[in-house]
Amino acid sequence: MKKHILTALCLGAALVANAQTDATINSLTETYTLKPDGAIDYDYSKSITYNTHFGFFSLFGETFVVYNPEFQKLKINESYTVQKDGTRIDSPANAFNEVLPSAAANSADYNGLREMVITHTGLEKGATTRLSYSLSGTPQGCPTLDIDRVIPIPGADIKEYKIVVNVPEGKRLNWSLEGSSVKPVIKGNTYTWTFRNVPAASGDAFSPRNHTGMPRLSVTSASTLEEELRPLTVETMDICRVPGDILKGKTTTSEKIAAIQNFMVNSIATGYVTPDLTGYNLRQCNQVIQTAYGTEAEKAAAMAKLLRGEGIDAQTVVVFPAEIGAKNIRNISKYLVKADGKFYAVDRVGEYNAGLRADRDAIYDLGGNAVSVAPAHVVLNCTASMTLSADSVAMSHSDCKLSGLDEKAELKNAGKVTKRGNYTVYTIPAPTQGVDTWGMTSLPSKRRNVFEIPYPIDETCVYSVNLNGVKSAVKNKNVNISNAAGSVTMSIVNNGNSIEIKRHIKLDRSIYGVSEYEAARKLLLEWQSPAFRSIIVR
């Protein structure tokens with residue numbers, strides 16, 4: 001019997017170890033050619049084998065090519081499938097269908113964009129699809145050659161991925177590659193990066209928003225960041241003022257900023273047309289207001305202009321992942337407005353707390369100058385007093401002090417009481433801010449990608465539970481863990497007719513490498529454990 005169990009366990013482990021991804025990309029080549037007149041040509045070629053039904057039904061059964069016909073011409077070079085038995089099936093004419101990209105659906109100004117939907121036919125497990133297409137550009141399509149590629153692909157391993165960049169004679173290319181040691185092969189004016197045997201993107205929960213730790217290639221033909229950002233600096237010449245009575249009764253600078261931001265967030269829809277599809281042109285402020293629609297960049301530029309029209313010093317600033325060396329417009333992660341010395345987003349109201357991500361993000365003005373941001377130190381201290389009876393609990397005092405976050409922290413209730421025979425189990429409440437709000441109750445033991453928490457934190461909660469007609473059935477206990485990720489200290493102490501519960505966690509940074517993950521996981525799981533969240537009385 002034991003032998004059969006052992007065999008089954010070994011077989012299960014082998015199946016997990018050799019589990020296939022949904023597809024395998026045999027080869028993928030992207031070629032960018034910057035011509036002397038500034039035009040950019042793009043060639044794409046891919047061979048992909050489907051390993052599962054999910055691979056072709058949900059992930060890779062179609063290819064979507066979004067482009068701007070004003071300065072790009074699409075040509076399909078080849079599209080066919082070779083089935084497992086060797087049968088070749090060429091894509092029929094009705095496999096190619098042009099539609100309006102969903103990102104442009106709400107704006108007539110962007111209804112000229114096109115998305116070619118290529119439906120791959122003859123798909124089955126073991127089938128291989130081959131696709132090649134080209135986009136020919138014109139000089140007005142893009143002021144600089146910008147590339148931003150995160151290499152791993154969800155659901156598919158990659159055998160070989162090439163990125164080829166051709167530049168004119170004498171043109172210098174600025175590039176950086178994070179998360180990989182691959183070096184380009186440079187032959188004359190051609191740069192080639194070749195990535196081999198790249199596993200599928202991990203899909204790990206709480207992976208970094210900036211893709212930290214993953215291979216990411218950034219390329220630009222601009223010689224400086226100021227040159228790169230120049231398309232965003234063109235001051236629109238239209239007269240643009242705050243519409244209606246939005247500023248009625250608003251007299252202070254902060255009131256005006258709040259009112260204009262509220263208008264931009266709640267009255268102007270946010271579109272997701274990327275700058276490369278618009279030739280890096282921003283619509284003017286009046287267009288944004290009249291159409292009640294704008295991209296994040298357009299809304300930020302419009303908000304800054306409206307503020308300047310009210311005599312408030314305001315400018316658009318941009319956010320990049322801090323680790324990227326060759327920064328370009330395509331890897332801008334957020335557009336903000338800096339006004340009266342503070343930052344404001346255009347997708348949510350209130351001040352944007354840039355300090356929470358000061359260790360991960362870098363902010364620049366449109367002149368290419370770094371904008372200094374002081375890191376926010378999040379410290380949460382909560383105290384509470386409760387009176388616990390056999391069937392109920394009541395809170396007589398609670399107070400939470402929070403710094404480093406704009407939100408309010410509080411203990412909204414006295415906790416939970418559960419009857420179990422002759423015993424009562426009391427579970428303390430969690431504050432409305434802090435580690436408990438992150439949802440990290442289940443963390444796997446193994447991880448392939450870098451681990452990110454929302455922000456470093458120093459959190460302390462002290463609960464004094466007064467006993468009314470009940471007696472403690474819990475012993476004094478404590479735990480004290482300190483490691484490379486931070487520390488957790490918790491205790492439960494009986495004090496006659498009361499019980500004191502102390503909880504403290506300190507996480508020193510927001511990003512933890514794969515080798516550091518276990519230390520952070522140990523602290524977080526200990527913090528979430530019910531052992532120091534509940535007491536038993538009788």
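Is the disulfide of Cys240 and Cys285 left-handed or right-handed, and what is the torsion about its S-S bond? The torsion is about -55 degrees, so this disulfide is left-handed. The model behind that value is predicted, so a few ground rules come along: local features need pLDDT of at least 70, side-chain atom pairs count only at pLDDT 80 or more, and totals for chains, interfaces and linings use all residues. Residues are numbered from 1 along each chain as its sequence is written, and side-chain values use heavy atoms, with hydrogens and water left out.

Searching the whole structure turns up 2 disulfides, a disulfide being a pair of cysteine sulfur atoms within 2.5 Å. In the pair Cys240 and Cys285, the sulfur atoms sit 2.0 Å apart. This pair links distant parts of the chain, 45 residues apart: Cys240 is in the loop between α3 (225-229) and α4 (253-267), while Cys285 is in helix α5 (residues 285-291). Helices (H or I, at least four residues) and strands (E, at least two) are DSSP runs, numbered from the N terminus. Both Cys240 and Cys285 are buried, where buried means under 20% relative accessible area, exposed means over 50%, and partly exposed is in between (1.4 Å probe, protein chains only).

The other link joins Cys382 to Cys400, with an S to S distance of 2.1 Å. At 115 degrees about the S-S bond, the link of Cys382 and Cys400 is right-handed. Here strand β22 (residues 378-388) holds Cys382 and strand β23 (residues 393-403) holds Cys400, so the pair ties together parts that are 18 residues apart in sequence. Number the bonded cysteines of the protein chain in sequence order, and the pairing reads 1-2, 3-4.

What about Cys461? Cys461 is in no disulfide, and the nearest cysteine sulfur, that of Cys382, is 4.4 Å away. With 1% relative accessibility, Cys461 is buried. Cys142 is buried as well, its relative accessible area being 14%.

Gln528 is buried because its relative accessibility is 16%. Its side chain makes a polar contact of 3.4 Å with that of Arg533; such a contact is a pair of N or O atoms within 3.5 Å, and within protein, one must be able to donate a hydrogen and the other to accept it, with residues adjacent in sequence counting only if both atoms are side-chain atoms.
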